[in-house]
Every structure is written in C-alpha cells, then in structure tokens.
Amino acid sequence: MKRSEINEIIRDADRFIRSFGYILPPFAYFSPAEMQARRGEIEGIVSARLGWDITDYGQGDFANLGLFLFTTRNGRAEDLARGSGMCYAEKIMISRHNQISPMHRHVVKAEDIINRGGASLAIEMFASDAAGQIDPGAEVLVACDGVTKRLAAGEVLYLSPGESVTLMPGNWHKFWGEGGDVLIGEVSTVNDDRTDNIFREPIGRFAQIEEDEDPLYLLVSDYEAWLG
C-alpha cells in the first residue's frame with residue numbers, strides 16, 4: 001500500500017468513527033515527531049501496540065480484501081498467563097461494504113465482535129477439527145448477546161447495529177460489511193496480532209508500505225522502525 005493511500009484511509013476512518021459519536025483517545029493524534037520526542041513516556045503505547053492499524057493482508061487490494069483497526073487498549077500476556085491483572089483488549093474497526101477480512105482463527109484470544117453502527121456485519125463461520133483446521137461438517141455454537149445460536153458449517157451470521165457475537169479460540173471466521181460500511185467494536189482477551197492470527201490461506205497480517213509521502217500518523221507496524 002502507498003503511504004498516501006494509508007493517510008487518506010486514516011482521514012476517512014476518523015470522520016466515519018466520529019459520525020457515530022465515538023472519539024479516539026488523544027494519542028491517536030500524536031504526530032511521528034511527537035511520538036519520537038516523547039518516546040520515554042509512551043512505552044505503554046508502543047509495547048502494547050496501541051494505535052492505527054490498516055491492512056490489505058499483503059495482497060495489494062484494500063478495497064476488496066482489507067480492514068481498518070485502531071487498538072485503544074491492550075493488556076499484558078504475562079497477566080493473562082498468570083490469570084490476574086490487565087487481561088483484556090479493545091479495538092474499534094471499520095469493515096467497508098463487501099470488503100473481506102479473510103478466514104482466520106485465534107489460538108488464545110476470545111473476542112466479542114460488536115456492530116457499533118452502520119450497515120449489517122456479515123460473519124461466515126466454521127468450527128475447528130482436532131488438528132485446528134476447518135471442520136466442514138461440524139456445527140458452530142456461538143453466543144449472540146448471551147443467546148446461544150447454532151449455525152451450520154459455513155453459515156453466515158448477520159449482526160445489526162447493537163448486536164454482537166462471542167467468538168472463542170478455534171472459531172474460524174471471515175467478515176465484511178453487508179449493504180454498506182460498518183463500525184465494529186472488539187472486546188477481547190489480550191491481543192497479539194503478530195502471533196495469534198491463523199489464516200486459512202497463506203497471507204500476511206500487515207501491509208507492505210511504499211513511502212510516497214510522510215506518514216500522517218504511525219501505524220503499529222511502524223513502531224519498530226520509527227521508535228525502536
């Protein structure tokens with residue numbers, strides 16, 4: 001992806017998020033220079049990989065295969081392993097009309113996926129077999145706002161604004177906006193996007209960036225190069 005494209009996606013996403021009355025935290029608007037100047041006091045942001053995250057999954061087709069994410073808070077793997085402390089994470093995401101977030105599962109993370117506004121959120125789901133692969137014949141059991149639902153393998157669940165689904169580790173899922181763009185909330189256990197995403201197809205989690213202009217804001221995938 002070109003940096004200019006990423007910058008424009010950030011501007012559009014900020015407007016879309018604000019249209020629902022959701023305001024991102026102040027650190028969302030730290031410039032790259034400010035983050036570098038304040039490096040000593042923003043370790044909590046950098047180490048938890050809080051912030052902007054825009055991906056085309058390395059495929060170069062963001063409009064059809066991609067996702068916008070912003071991580072607002074994220075706990076510590078050490079706390080999760082110990083079973084106490086900051087064991088949770090939260091994101092706000094945007095899935096555009098017919099923009100696919102490809103089929104994947106998580107090893108550790110359980111997550112509530114919440115339609116925060118806009119169109120319908122469509123989620124195609126499968127269960128895992130004993131080896132962790134997609135089981136094409138198994139029923140999928142999920143909770144939607146506390147109500148148990150049984151889905152056939154590959155069935156698509158549609159969430160209207162205000163509705164949510166709880167996905168457990170091993171629940172294979174892909175999703176997209178149906179009939180328009182969707183603002184999505186995610187509340188989960190501690191999140192590690194570098195290691196805890198298992199994709200059905202051999203694709204990447206982060207975009208490859210062509211630097212055709214300066215970044216408006218840094219992505220979480222920029223932190224190592226820009227901030228050490």
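Reader: How many aromatic pairs does the structure hold?
Author: Eight aromatic pairs. Keep in mind as we go that this is a predicted model. One of the pairs is Phe16 with Phe20, which is edge-to-face, with 5.1 Å centre to centre and 75° between the planes.
Reader: Is Phe16 buried or exposed?
Author: Buried, because the relative accessible area of Phe16 is 16% and the cut-off for buried is under 20%. Phe20 has 36% relative accessibility, so Phe20 counts as partly exposed.
Reader: What about Trp52 and Phe70, what sort of pair are they?
Author: That pair is edge-to-face, because the planes sit at 85° and over 60 degrees counts as edge-to-face. The ring centres of Trp52 and Phe70 are 5.0 Å apart.
Reader: Where do those two lie?
Author: Trp52 is in strand S1, residues 51-55, and Phe70 is in strand S2, residues 67-74. The pair therefore ties together parts that are 18 residues apart in sequence. Both Trp52 and Phe70 are buried.
Reader: Which residues do ring pairs link into a cluster?
Author: Trp52 and Phe70 belong to it, and the cluster also takes in Phe27, Tyr29, Phe68 and Tyr217.
Reader: OK, switching to charges. How many salt bridges does the structure hold?
Author: There are 22 salt bridges. In one of them, the side chains of Glu34 and Arg38 meet at 2.8 Å, N to O. Glu34 has 28% relative accessibility, so Glu34 counts as partly exposed. Arg38 is partly exposed too, with a relative accessible area of 27%.
Reader: Which residue forms a salt bridge with Arg96?
Author: Asp181 does, and the closest N and O atoms are 2.8 Å apart. Asp181 lies in strand S11, residues 172-189, while Arg96 is in the loop between strand S3 (88-95) and strand S4 (101-105), so this bridge ties together parts that are 85 residues apart in sequence.
Reader: And how accessible is Asp181?
Author: Asp181 is at 27% relative accessibility, so it counts as partly exposed. Arg96 is also partly exposed, with a relative accessible area of 22%.
Reader: What does Lys174 pair up with in a salt bridge?
Author: With Glu124, and here the closest N and O atoms are 3.6 Å apart. Lys174 is in strand S11 and Glu124 in strand S5, residues 111-128, so parts 50 residues apart in sequence get tied together. Glu124 counts as buried because its relative accessibility is 16%.
Reader: Which residues are linked in a network of salt bridges?
Author: Glu8, Arg11, Asp12 and Arg15 are linked that way.
Reader: Where is there a patch of negative charge on the surface?
Author: Look for Glu210, Asp212, Glu213 and Asp214, which gather in that patch. Glu213 sits in the loop between strand S12 (198-199) and helix H5 (223-227). With 35% relative accessibility, Glu213 counts as partly exposed.
Reader: Last one: where does Val156 lie?
Author: Val156 is in strand S9, residues 156-159, and is partly exposed, with a relative accessible area of 23%.
Reader: How far apart are the C-alpha atoms of Val156 and Ile123?
Author: They are separated by 5.3 Å, with the two residues 33 residues apart along the chain.
Reader: Great, thanks!

Definitions and conventions:
Residues are numbered from 1 along each chain as its sequence is written. This is a predicted model: local features need pLDDT of at least 70, side-chain atom pairs count only at pLDDT 80 or more; totals for chains, interfaces and linings use all residues. Side-chain values use heavy atoms; hydrogens and water are left out. Patches are made of residues with over 30% relative accessible area and no salt bridge: like charges are joined within 9 Å, nonpolar side chains (Val, Leu, Ile, Met, Phe, Trp, Tyr) within 5 Å. Accessible areas come from the Shrake-Rupley method with a 1.4 Å probe; for residues, only the protein chains shown count as cover. A salt bridge is a side-chain nitrogen of Lys or Arg within 4 Å of a carboxyl oxygen of Asp or Glu. Lys and Arg count as positive and Asp and Glu as negative; His and the chain ends are not counted. The place of a charge is taken as NZ of Lys, CZ of Arg, CG of Asp or CD of Glu. Helices (H or I, at least four residues) and strands (E, at least two) are DSSP runs, numbered from the N terminus. Buried means under 20% relative accessible area, exposed over 50%, partly exposed in between (1.4 Å probe, protein chains only). Rings of Phe, Tyr and Trp (its six-membered ring) pair if their centres lie within 6.5 Å; planes under 30 degrees apart count as stacked, over 60 as edge-to-face and the rest as tilted.
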